[in-house]
Amino acid sequence: MIKKFYLCALTALALMFAPQAFAGHGEEEAPAEDQVVEPEIGYYNLNPDIVTNVATLSPTDKLHYVRIKMSLMLEDSRDSSIIADVEPVIRDAIVTILGTKEFGQVATNEAREKIRIECRERIISIMKEKFGKPIIMDLLFLSYMYQ
């Protein structure tokens, strides 16, 4: 009899506290329509690496090339799909910039930084022209090789 009483009491307590125990579990609530979701910085890696030759002064000069692995720092991670849509335009701009440089203009740390800044400015210009906003904050070289 006492065992039955304890079992009933425990069952009653479990049922009383069950809603509180499971409150907040399950599906997440969607933000209210009037609530603004703050943008989160994101990154978009350009794959595969960009490989292109650099300019030569004469046809007898040795052929040199540059290989760059890069990532774009986005103002809002939700803009990744926009970047994916215009990636060919971005790649073309970078290859064009690299193709105008001679080997001496790519083969130093200072030259690498100048190229990175020039590429970043060109991509920001393209984004502003196409979408009315820069979309990217920075361009990062993850790997930079020349030969």
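Visitor: Is Phe 103 buried, partly exposed or exposed?

Guide: Phe 103 counts as partly exposed, with 27% relative accessibility. Do keep in mind that this is a predicted model.

Visitor: Thanks! And how many aromatic pairs are there?

Guide: There are three aromatic pairs in the structure. In one of them, the ring centres of Phe 103 and Tyr 146 are 5.8 Å apart and the planes meet at 70°, so this pair is edge-to-face.

Visitor: Which parts does that pair tie together?

Guide: Phe 103 sits in the loop between helix 2 and helix 3 (109-131), while Tyr 146 belongs to strand 3 (residues 136-146), so the contact joins parts 43 residues apart in sequence. Tyr 146 is partly exposed, at 37% relative accessibility.

Visitor: What about Phe 141 and Tyr 144, stacked or edge-to-face?

Guide: Phe 141 and Tyr 144 are stacked, with 5.6 Å from centre to centre and 20° between the planes. Phe 141 is buried at 17% relative accessible area, and Tyr 144 is buried too, at 13%. Ring pairs link Phe 103, Phe 141, Tyr 144 and Tyr 146 into a cluster.

Visitor: Nice. Switching to charges: how many salt bridges does the structure hold?

Guide: It holds 10 salt bridges. One of them joins Arg 78 to Asp 76, with 2.6 Å between the closest N and O atoms. Asp 76 counts as buried, at 12% relative accessibility.

Visitor: Where do Glu 87 and Arg 91 sit?

Guide: Both are in helix 2 (residues 80-99); they are four residues apart, so about one helical turn separates them.

Visitor: Which residues are linked in a network of salt bridges?

Guide: Glu 113, Arg 116, Arg 120, Glu 121 and Asp 138 are linked that way. Within this group, Arg 120 bridges to Glu 121, the closest N and O atoms being 3.0 Å apart. Arg 120 is buried, at 17% relative accessibility, whereas Glu 121 is partly exposed, at 40%.

Visitor: Last topic, the surface. Which residues make the nonpolar patch of about 310 Å²?

Guide: That patch is made by Ile 41, Tyr 43 and Met 137.

Visitor: And where is Ile 41 found?

Guide: Ile 41 is in the loop between helix 1 (2-21) and strand 1 (42-53). At 47% relative accessibility, Ile 41 counts as partly exposed.

Definitions and conventions: Residues are numbered from 1 along each chain as its sequence is written. This is a predicted model: local features need pLDDT of at least 70, side-chain atom pairs count only at pLDDT 80 or more; totals for chains, interfaces and linings use all residues. Side-chain values use heavy atoms; hydrogens and water are left out. A salt bridge is a side-chain nitrogen of Lys or Arg within 4 Å of a carboxyl oxygen of Asp or Glu. Buried means under 20% relative accessible area, exposed over 50%, partly exposed in between (1.4 Å probe, protein chains only). Helices (H or I, at least four residues) and strands (E, at least two) are DSSP runs, numbered from the N terminus. Patches are made of residues with over 30% relative accessible area and no salt bridge: like charges are joined within 9 Å, nonpolar side chains (Val, Leu, Ile, Met, Phe, Trp, Tyr) within 5 Å. Accessible areas come from the Shrake-Rupley method with a 1.4 Å probe; for residues, only the protein chains shown count as cover. Rings of Phe, Tyr and Trp (its six-membered ring) pair if their centres lie within 6.5 Å; planes under 30 degrees apart count as stacked, over 60 as edge-to-face and the rest as tilted.
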